Amino acid sequence: MSSTSQKHKEFVAEPMGEKAVNALAGIGEVLGKRLEDKGFDKAYVVLGQFLVLKKDEELFRDWLKDTCGANIKQQGDCYGCLREWCDAFL
Amino acid sequence: MAVPLTDEQLFSELASLGACPGPVTESTRPVYLKKLKKLREEQQRSARTARRDVTRLSGGNAAGRKCSVVGFSSDESDAEAPLTRPGLAGRTYRGSAQPAARRQAAKPRSEASTARHGAPRPERALDGAGTEHIEGKSGSVNGRSPSPGQDNDYSDSDSEGLRVPELRKIYKVPPQTRARSDRTEESRGRDQDPEEPVPELHRPARSSMLPPGSEDHRVTVRKDNHIHGNRFSSELRPRYPVYRRPQPDPNLSQNRVPEDELLHQFRAEQSSSSTFSPHYLSMVLLTAACLFFLLLGLGYLRVRGSGGVPGTTAHLHPFGSDFDSSYDQSEKALILKLLLHLHDYLALIAGQHDCGDQQHLNRSLSLEEASAYLQAHNKKFDDFLLTSLEWIIRSGQDVGIRLKAQGGDDVTDVSEITYLESTHPMMPFSCRFRRAFLSVLSRVLLLCAVVGSVCALVCYMKYRWRREEEETRLMYDMVERIVDVLRTHGEACQENQDLQPYLPIPHVRDALIQLQDRKKKKMERVWSRAVSFLSTNESRVRTEAQMVGGANFMVWRWIQPPSLSCDKTSTPSKVWQGKAFPLDRRNSPPNSLTPCLKIRNMFDPVMEVGENWEVAIQEAILEKCSDNDGIVHIAVDKNSREGCVYVKCISAEHSGKAFKALHGSWFDGKLVTVKYLRLDRYHQRFPQAQSCSRALKASNHLQLRPSEDH
């Protein structure tokens with residue numbers, strides 16, 4: 001398998017439904033809390049933001065960094081996770 | 001360009017520069033602002049390479065004004081904010097940033113921007129989040145200090161280049177104060193912001209509460225970025241209205257970071273009180289309990305021992321005033337002393353007797369012995385013996401000596417006295433203790449025995465009841481099977497007139513009960529109950545006596561006319577009923593992830609009847625996946641509300657095949673869904689599955705599937 005994490009695989013395996021934002025790859029407890037406090041309390045809200053940014057990698061990364069302070073790796077994980085999810089289900 | 005950039009303007013700017021922006025909303029605004037800034041910088045850089053410095057400087061001011069509005073917005077307002085409201089919480093962003101005199105805060109601004117630069121310094125500062133910040137890892141601060149200019153993401157680094165050296169100075173605080181300065185700066189930020197809740201993830205939801213003015217908005221958002229991005233950024237919002245070297249010292253002592261302080265306090269409390277107070281409390285309770293029990297025991301023993309104050313003393317006696325009047329002092333003393341001696345001696349004897357001492361076989365003392373003993377003590381005692389005894393009788397109180405007559409107790413006259421006995425035996429402490437201990441022990445044992453017997457009784461009752469239930473269930477099951485057999489036989493008889501329309505009961509029994517079960521008491525009981533049930537409750541079956549093969553048998557005759565066909569057991573209920581949706585990329589994972597599957601909605605545990613429904617379920621699954629011989633372990637979770645079945649396959653490939661076969665199928669009227677499980681979790685749950693390697697096959701006696709069409 002590719003170098004994706006378990007979380008990534010789990011997220012991408014099925015429709016996200018009502019999963020919490022913690023379920024996104026790269027988003028752990030702390031970042032998740034920050035996102036929640038900003039109003040992004042479910043994974044689909046972050047998905048919404050991703051889509052609003054037209055799935056642009058750079059913009060999404062910037063946004064993620066600004067919103068919850070994710071580092072490069074976390075941004076990359078989250079972006080990859082959402083992109084793959086969109087490829088599979090959207 | 002106007003100071004606040006509206007959404008539309010931003011959008012059009014971006015579009016003109018070639019980026020294709022998505023909608024500019026509240027959440028996407030900052031990102032697009034950055035992008036615009038970057039694009040502008042690139043434009044400028046390419047257009048005006050010659051006049052770099054100037055551009056930058058003035059750009060810092062004029063275009064920079066624009067830029068600041070756009071990109072440096074936070075700087076701008078941040079810079080201004082401290083000027084206008086210096087007293088405000090360090091997050092002066094919060095103020096209604098009046099674009100007052102700008103930048104005198106070259107420093108604050110640069111600091112701010114550096115702070116922002118600090119933000120992108122991702123890994124060290126941000127990893128692990130707030131906790132690290134709170135603990136004031138100086139490392140992160142140090143990490144931030146070098147070369148903000150390195151950051152390529154932010155074009156303002158160029159304009160900030162000039163400020164860098166000054167900024168660096170800020171950080172060239174003596175190392176030992178650096179950590180503290182972190183904290184102080186942080187604290188400065190914090191202190192002055194009483195509203196800001198303790199660290200970590202306190203996002204300034206406040207940002208959303210700010211007035212919607214775009215600048216403020218930007219500011220707020222920026223602030224958010226900073227705060228989230230890097231807590232230390234706040235400290236760089238100096239409350240320095242004027243730039244000066246940061247003075248760690250005065251601030252040091254005064255403000256410790258409230259969160260740090262809290263944390264330290266908490267930790268200190270934890271360490272001290274956690275070891276202290278629970279420990280202390282438990283010790284206190286323990287000692288109190290021990291003391292209590294000790295006292296209780298002592299009190300008990302004392303009471304059990306030699307009771308009250310021995311009968312009479314020289315001054316106290318229970319005989320009343322008559323006694324005092326009848327005798328003079330010496331005689332009184334004598335009598336009392338006599339009685340005292342007598343009492344003690346009797347008590348001693350009684351005590352020794354009670355303790356099992358073989359010396360005194362008799363608890364009581366005869367009168368002669370008593371008088372002999374007393375005479376041995378004091379000659380004069382003898383005279384007063386009888387009178388004192390008479391006084392005892394007369395007083396009628398218990399003085400510790402009981403007088404017994406020949407036949408039994410309760411003498412009324414002195415002459416009748418033959419035995420004297422003590423009512424308050426005096427026993428040595430060990431003896432008393434032993435007796436007490438033994439009595440307590442015996443009582444406790446008795447109590448335990450009673451409780452134990454009650455428990456045993458209850459358990460037995462439960463066991464009986466459960467067995468009863470099971471037997472009843474078996475009985476009903478048996479009755480159903482008998483009815484089935486009889487019905488089929490009856491139908492067969494309809495077609496084939498040669499058969500006898502009845503079946504001997506023993507034949508039916510032997511057909512239905514396995515050989516090894518026939519001798520079992522349980523099955524015999526079940527069978528007999530079934531037979532009696534049939535004869536009483538089933539009207540479609542008639543019991544009669546017939547001659548079969550030359551012997552007399554009790555037979556059952558099926559007398560239901562065949563027209564009635566509303567039996568619900570005619571169709572087996574557990575079948576696969578087709579697929580609900582085709583499996584494609586959208587609703588199934590692109591590749592099979594693990595060899596373990598969790599299948600949901602196979603059954604409803606509340607509704608299941610019958611003994612071996614879980615076996616039926618397993619069989620059904622195996623049948624469905626009969627082409628896939630890679631299933632090594634199946635477990636039906638009987639208690640799950642969702643009807644879960646866990647399956648493990650040899651490899652991920654096999655599980656993928658099983659997934660395709662099962663996911664989305666209809667089974668028994670329910671839509672089955674499948675998902676992958678982690679292998680280690682599966683093994684945790686079912687350790688026996690680790691060793692399974694043999695593929696399971698369906699036993700073919702039930703065909704539950706309609707003909708396959710895929």
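Student: Ground rules before we start?
Tutor: The model is predicted, so local features need pLDDT of at least 70 and side-chain atom pairs count only at pLDDT 80 or more, while totals for chains, interfaces and linings use all residues. Residues are numbered from 1 along each chain as its sequence is written, chains are lettered from A and ligands numbered from 1 in the order in which they are written, and side-chain values use heavy atoms, with hydrogens and water left out.

Student: Chain A, then. How many helices and strands?
Tutor: Five helices and zero strands. Helices are DSSP runs of H or I with at least four residues, strands are runs of E with at least two, and both are numbered from the N terminus. The order from the N terminus is α-α-α-α-α.

Student: What share of chain A is buried?
Tutor: Of its 90 residues, 50% count as buried. Buried means under 20% relative accessible area, exposed over 50%, and partly exposed in between, with a 1.4 Å probe and protein chains only.

Student: And the surface of chain A, what does it come to?
Tutor: Chain A exposes about 3,700 Å², and carbon and sulfur atoms supply 50% of that. The areas come from the Shrake-Rupley method with a 1.4 Å probe; for residues, only the protein chains shown count as cover.

Student: Zoom in on α3(A). Which residues are buried?
Tutor: In α3(A), residues 43-52, they are A43(A), V46(A), L47(A), Q49(A) and F50(A).

Student: Where do they sit around the helix?
Tutor: Down the axis of α3(A), the buried residues fall within an arc of 160°, so they line one face of the helix. The arc is that of the directions from the helix axis to the C-beta atoms.

Student: What covers them?
Tutor: The cover includes α1 (6-13), α2 (29-38), α4 (57-68) and α5 (72-89) of chain A. Contact means heavy atoms within 4.5 Å.

Student: What follows α3(A)?
Tutor: K54(A) does, with a positive phi near 60°.

Student: Packing next. How do α4(A) and α5(A) cross?
Tutor: Their axes come within 9 Å and cross at roughly 125°. That makes α4(A) oblique to α5(A). Axes are lines fitted to C-alpha atoms, for helices over the stretch in contact, and angles run from 0 to 180 degrees between N-to-C directions. Under 35 degrees counts as roughly parallel, over 145 as roughly antiparallel, 65 to 115 as roughly perpendicular and the rest as oblique.

Student: Which residues make that contact?
Tutor: On α4(A), E57(A), F60(A), R61(A), L64(A) and K65(A). Those on α5(A) include I72(A), C78(A), Y79(A) and L82(A).

Student: What about α1(A) against α5(A), at what angle do they pack?
Tutor: About 25°, with the axes 9 Å apart. The two helices are therefore roughly parallel to each other. H8(A), F11(A), V12(A) and A13(A) of α1(A) make the contact, and their partners on α5(A) include W85(A) and F89(A).

Student: Switch to chain B. What's in its secondary structure?
Tutor: Chain B has 28 helices and 13 strands. Of its 710 residues, 43% count as buried. The accessible surface is about 37,600 Å², with 56% belonging to carbon and sulfur atoms.

Student: L334(B): buried or exposed?
Tutor: L334(B) counts as buried, because its relative accessibility is 12%. It is found in helix α19, residues 329-354, of chain B. The C-alpha atoms of L334(B) and S388(B) are separated by 9.9 Å, and the two residues are 54 apart along the chain.
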